[in-house]
Amino acid sequence: MPSKEQTPETNVIPQKSFNYSELTEIVAKAVASAQIQLASTLAQQGDQNAKVLAEALRESKTPYVDPKHIENEKMMRDQMRETERRKRAAKRAEQEACPHLQGSSPESATTLPYSSFAVHVLDSSEVIGICTNCQKIISSRRPEDLRWFKVKSTNVRSAAGQRTFYDNQIAIKSRQMMDDELGTAIPDVTSVEGE
Ligand SMILES: [Zn+2]
C-alpha cells in the first residue's frame with residue numbers, strides 16, 4: 001500500500017494523544033502567550049485601556065443587588081428607627097409626668113409622700129437612683145437631680161464595694177449613660193403628641 005511507503009512520522013503525529021498534564025501545559029502556555037499579547041497591545045494603546053479593563057474586571061466581581069431590594073431595606077431601617085424613636089419619646093413623656101413618689105402608678109390605690117427612687121452607690125462613689133414607677137435614672141453627677149435625693153424614702157440604699165481609681169472623675173464619666181441621661185439622644189416629645 002502506498003501509505004506504508006511514506007515516512008513513519010507522518011502517520012504517527014496525527015495519532016498522538018495527549019494526557020491530562022500535557023494538555024494542561026499546552027493550555028497554560030496558550031493562555032500565557034495570549035495574556036502577554038494582550039498586555040503588550042494595551043501597553044501600545046496606552047494606560048487608558050488598561051484602566052477600563054481593570055474597572056470592568058472589578059465590576060464583574062461585584063454581585064448584582066436589585067436596587068429595589070436596597071430601597072426596601074432602607075425603608076425597613078427607617079421604619080424601625082421611627083418606631084424606636086416613638087417608643088423612647090413615649091417613655092420620656094411618661095417620665096416627665098411621673099411624680100416619682102411611691103404608689104404613683106395608676107394601679108396603686110394610694111400615693112405616699114415618699115420618694116420612689118431606689119438608690120444605689122456605685123463603686124466609683126457616684127450615687128444613682130432609679131424610679132420604681134417610671135424607671136427614670138437620677139445621678140449625683142447632675143446638679144438638677146440632687147433635689148430628688150432629698151425626698152424622704154422608705155427604700156434602703158444599696159451599695160457596691162468601693163474601688164480606688166487614679167482619677168475618680170474619669171471613672172464616673174466612663175459609666176455607660178442611659179437614654180434619659182444623654183441630652184442628644186432624647187427625642188422630641190412634642191412631635192409625637194401631635195401625631
Ligand atoms: Zn418616676
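Four strands form an open sheet with mixed pairing, in the order E3-E2-E1-E4; two strands are taken to pair if DSSP finds at least two bridges between them. Strands E1 (residues 117–121) and E2 (residues 127–131) run antiparallel and are joined by 5 bridges. Within this pair, Val121 stands opposite Val127 in E2.

The model is predicted: local features require pLDDT of at least 70, side-chain atom pairs count only at pLDDT 80 or more, and totals for chains, interfaces and linings use all residues. Residue numbers start from 1 along each chain as its sequence is written.

The chain contains 7 helices and 4 strands, which follow one another from the N terminus as α-α-α-α-β-β-β-α-β-α-α. Helices (H or I, at least four residues) and strands (E, at least two) are DSSP runs numbered from the N terminus.

Helix H4 (residues 67–97) comprises 31 residues and reaches 45 Å from its first C-alpha to its last, close to the expected 45 Å at 1.5 Å a residue; the expected span is 1.5 Å times one less than the number of residues. H4 is hardly covered, with a count of 1 buried residue among its 31 residues. A residue is buried if 20 or more other C-beta atoms, placed from the backbone, lie within 10 Å of its own.

Across the chain, buried residues make up 8% of the 195 residues. Of the contacts with a separation of 6 or more, 54% link residues 24 or more positions apart, a contact being two residues whose C-beta atoms, placed from the backbone, lie within 7 Å.

Terms used:
A residue is buried if 20 or more other C-beta atoms lie within 10 Å of its own, exposed if 12 or fewer, and partly exposed in between; C-beta atoms are placed from the backbone.
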